[in-house]
Amino acid sequence: MKRIGILAGAGSLAVVAIVLVARRWRPRGPAGLRGRAEGTVDAARRASPGATGASATEIAQDVYLLGPWGRTQTNAYLVADGSSWILVDAGWGSDGPRIQAAARSLLGPGPTPSAILLTHAHPDHAGSARELAQAWGCPVYAHPAELPLATGDFAAMARYAGPLDRWLILPLMRAIGRRRREAALAGSSLAGILRPLPSGGAIPGMGGWEWIHAPGHTPGHVAYVRAHDRVVISGDALLTLEVNAWSGLLRQSQGLSGPPWYTTWDRGAAVASINVIADLEPAVLAAGHGLPLAGPGTAAAVRAFAERTTLRPRRIGGFRRVRGPRGCPRTPG
Ligand SMILES: [Zn+2]
Ligand SMILES: [Zn+2]
């Protein structure tokens, strides 16, 4: 039941199904930032993955990639600010120990983060938020519009459902009955530790950064932006893993992609958010899935993708698939 509760967060069953299917395929090599033809990201402080699978790579000044991990190539990010730091996204429910191990590999055993920020409340991004927040004694922040989904509001789940929610998750949740449903939802709820991001874009404890609303995948999805060097942590609003093509998913192909259509609430808003991110002209695009994209061609690649997505919004479930730009980091294998 607890597992059902986690899945019910917002249609993650599709991801799980994809993982199960993908396991039938030959595993590829470990993810890393090797193989870039164009990227200029220096893996200055890469820690080797250990027994815990912990890995951390500096992708911009004071910004570290934790992951990608697993078949879904899920990322979290550690952002340092002076002597304090913040975690952006918290992986699946099983990712807590390796997120902690990755943070320790960079910072040692001492400092704990001042906060955990979520791009959105899906269980592959918020899954370990409660466990980590309790371990570190820190708050969790998300956009106000995301709070009902993160705190087990079944009516909100129905209101903001994506296709997979409508086809599978909601019928399943209704079928198990109210008491079991509420117990399942309570198991994955962030009630009591989740706070709304302050209005106006400011981020507590993260100087130089702001959040921008990038709805569509979910109603309260946000991106985190550092304006001075145009680093954008985009969550699932814009990915660097080709999740809208089965072949791309199964091969873990790195390339720009809109959010997975099957777990996206409002495709029109999602396309608009891709354009908002393109307008930021990112120099580093750090997505929720896939290897970060960096280098002199990044802004142009994102712009081209946004324009093609806008022009042909009906292909592949609302997001036209394009191949990654030359030099997009690829998973070695
Ligand atoms: Zn998502
Ligand atoms: Zn995701």
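**Reading the sheets in a predicted model**

User: How many bridges join strand 13 (residues 284-287) to strand 14?

Analyst: Strands of a sheet pair through backbone hydrogen bonds, either parallel or antiparallel. Two bridges link strand 13 to strand 14, and the two run antiparallel. Two strands count as paired if DSSP finds at least two bridges between them. Val 284 has Ala 294 in strand 14 as its bridge partner.

User: What kind of model is this, and how is it numbered?

Analyst: The model is predicted, so local features need pLDDT of at least 70 and side-chain atom pairs count only at pLDDT 80 or more, while totals for chains, interfaces and linings use all residues. Residues are numbered from 1 along each chain as its sequence is written, and chains are lettered from A and ligands numbered from 1 in the order in which they are written.

User: Which strands stand at the edges of the sheet that holds strand 14?

Analyst: That open sheet has five strands in the order 8-9-10-13-14, with mixed pairing. Strand 8 (209-213) and strand 14 (293-294) are the edges; each has a single partner strand, so one side of each lacks a neighbour in the sheet.

User: What is the strand order in the sheet of seven?

Analyst: The order is 1-2-3-4-5-6-7, in an open sheet with mixed pairing. Strand 1 (56-60) and strand 7 (194-196) are its edges, each pairing on one side only. From one strand to the next, the twist averages 30°. Strand 6 (residues 140-142) runs parallel to strand 7, joined by three bridges. Tyr 141 has Arg 195 in strand 7 as its bridge partner.

User: Which strands do helix 3 and helix 5 lie across?

Analyst: Helices (H or I, at least four residues) and strands (E, at least two) are DSSP runs, numbered from the N terminus. Angles, from 0 to 180 degrees, are taken between N-to-C directions of axes fitted to C-alpha atoms, for helices over the stretch in contact. Helix 3 (residues 96-107) lies across strands 1, 2 (63-69), 3 (74-81) and 4 (84-88), at about 145° to strand 2. Helix 5 (residues 129-136) lies across strands 4, 5 (115-117) and 6, at about 165° to strand 5. The protein has 12 helices and 14 strands.

User: Where does the pLDDT fall below 50?

Analyst: pLDDT is the predictor's confidence in each residue, from 0 to 100. Its mean here is 81, and 77% of residues reach 70 or more. Over residues 1-52 it is below 50. It also stays under 50 over residues 312-333.

Note on methods: Two residues are in contact if their C-beta atoms, placed from the backbone, lie within 7 Å.
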